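My notes follow in the order I looked things up.

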Amino acid sequence: HQGPVWSLSWSHPLYGSLLASCSYDRKVIIWHETVGRWEKLYEYAEHSSSVNCVCWAPHPYGLMLACASSDGTISILTSDGAGAWHAVRIPDAHSIGVNSVSWSPAINADFMLNPNVLQSVNPLIKRLVSAGSDLLIKIWREETSSSGTSEWVEETRLEGHSDWVRDVAWAPSLNVSRQMIASCGQDGRVIVWVSTSCTNPNAVHHGSTLEPSEYTHRPGGTSWLPIVLHTYSDVVWHVSWSITGNILAVSGGDNKVTLWKETLEGNWIALSEIARNHGGPPSLIGADEPSQISNLSIPPAVST
């Protein structure tokens with residue numbers, strides 16, 4: 001690269017030792033390890049501005065890499081298995097720039113969003129979520145056009161941040177009836193979006209929530225309920241789920257890493273906080289301390 005490298009992503013071991021990198025130099029490079037040496041396998045240089053994030057898809061989707069760029073587009077790079085790579089662009093994904101992308105778990109997405117449908121009815125549907133400088137979070141779904149080519153359509157947009165959304169992460173949970181997406185931003189907010197079937201008006205969620213007018217729902221039976229875990233005093237740069245999808249790590253401009261977990265009662269608590277003392281080593285503080293958020297419960301939005 002000829003500029004700062006913003007993001008790295010490892011592929012699934014099923015495909016060997018592949019590492020993707022992206023940079024301010026507008027390039028995406030896929031590296032391959034052979035005999036203890038790293039070599040450039042593929043270079044993609046079709047973006048017109050900085051590439052801010054790369055993310056490999058779950059291995060059942062195939063060897064696919066999502067790339068988010070400040071030029072407002074998302075590129076999906078797919079290997080044909082014979083050494084060639086094909087790119088599909090999502091133009092104008094976010095008007096000011098795309099900061100982050102994350103894939104949905106590799107489960108039947110129709111069943112995930114509509115539990116009344118048998119999982120075996122439809123094939124696996126690929127989805128990803130993106131975060132932009134336009135304050136929006138968007139969920140995209142892959143479809144096959146009439147000509148047989150792949151295209152990505154906007155399925156849902158989530159509005160809950162008042163400044164640039166810096167990062168987004170889809171929880172790797174295989175719970176088909178309840179999915180979670182975490183987001184964070186320049187406004188200091190950390191939000192967990194929980195998929196909720198609108199056919200269950202009695203669903204209860206605990207946490208500091210946004211106003212009902214700020215809900216965003218997907219016509220067809222599913223809404224995404226936003227739960228604000230905390231509003232930090234500084235920008236929050238990254239959110240990352242544990243491999244089991246039950247613990248959320250948050251890092252920000254306050255020089256701290258905080259771990260959050262949802263209790264069996266539905267409350268979110270800060271398990272621990274890693275902070276660096278003045279010139280000293282990192283310390284673990286606040287273990288098992290309850291979060292400062294209120295337990296305000298409001299019903300999910302109803303699709304119209």
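**Entry 1: a hairpin**

I began with strand β3 (residues 28-34) and strand β4 (residues 37-44), which pair in the antiparallel sense over seven bridges. The model is predicted, so I read every value as computed from it. Next I looked for the partner of T34. T34 is bridged to R37 in β4. I then checked what joins the two strands. β3 and β4 form a hairpin, and two residues lie between them. V35 sits in that turn and has a positive phi of about 50°.

**Entry 2: an open sheet**

I moved on to a sheet of four strands. This sheet is open, and its order is β5-β6-β7-β8 with antiparallel pairing. Which strands stand at the edges? I found β5 and β8 (85-90) there. Each has a single partner strand, so one side of each is left without a neighbour in the sheet.

Strand β7 (residues 74-79) pairs with β8 in the antiparallel sense over six bridges. Within this pair, I noted S75 opposite R89 in β8.

**Entry 3: the largest pocket**

How much space lies in the largest pocket? I read off about 1,200 Å³. I then turned to its lining, which is made up of 45 residues. V54, C55, V101, S102 and V168 lie nearest the centre of the pocket.

I asked which strands contribute. At least two lining residues come from each of β1 (5-10), β5 (51-56), β9 (98-103), β13 (165-170) and β19 (236-241). I sorted the lining of the largest pocket by class as well. The lining has 26 nonpolar residues, 17 polar ones and two charged ones.

**Entry 4: the cavity**

I counted one cavity of 30 Å³ or more. The volume of the largest cavity is about 40 Å³. I listed its lining: Y232, D234, V235, V236, V250, S251, G252, G253, D254, K256 and T258. β20 (247-252) and β21 (256-262) are the elements that give two or more residues to this lining. Which element gives the most? I found that β20 does, with three residues. By class, I noted four nonpolar, four polar and three charged residues in the lining of the largest cavity.

Note on methods:
Residues are numbered from 1 along each chain as its sequence is written. This is a predicted model: local features need pLDDT of at least 70, side-chain atom pairs count only at pLDDT 80 or more; totals for chains, interfaces and linings use all residues. Side-chain values use heavy atoms; hydrogens and water are left out. Two strands pair if DSSP finds at least two bridges between them. On a 1 Å grid over the protein atoms alone, a cavity is a set of points where a 1.4 Å probe fits but cannot get out, and a pocket is an open set with protein on both sides within 12 Å along at least five of seven lines; lining residues have an atom within 4 Å of a point. Grid points are joined across faces, edges and corners, and a volume is the space filled by probe spheres set on the points. Ala, Val, Leu, Ile, Met, Phe, Trp, Tyr, Cys and Pro count as nonpolar, Asp, Glu, Lys and Arg as charged, and the others, Gly among them, as polar.
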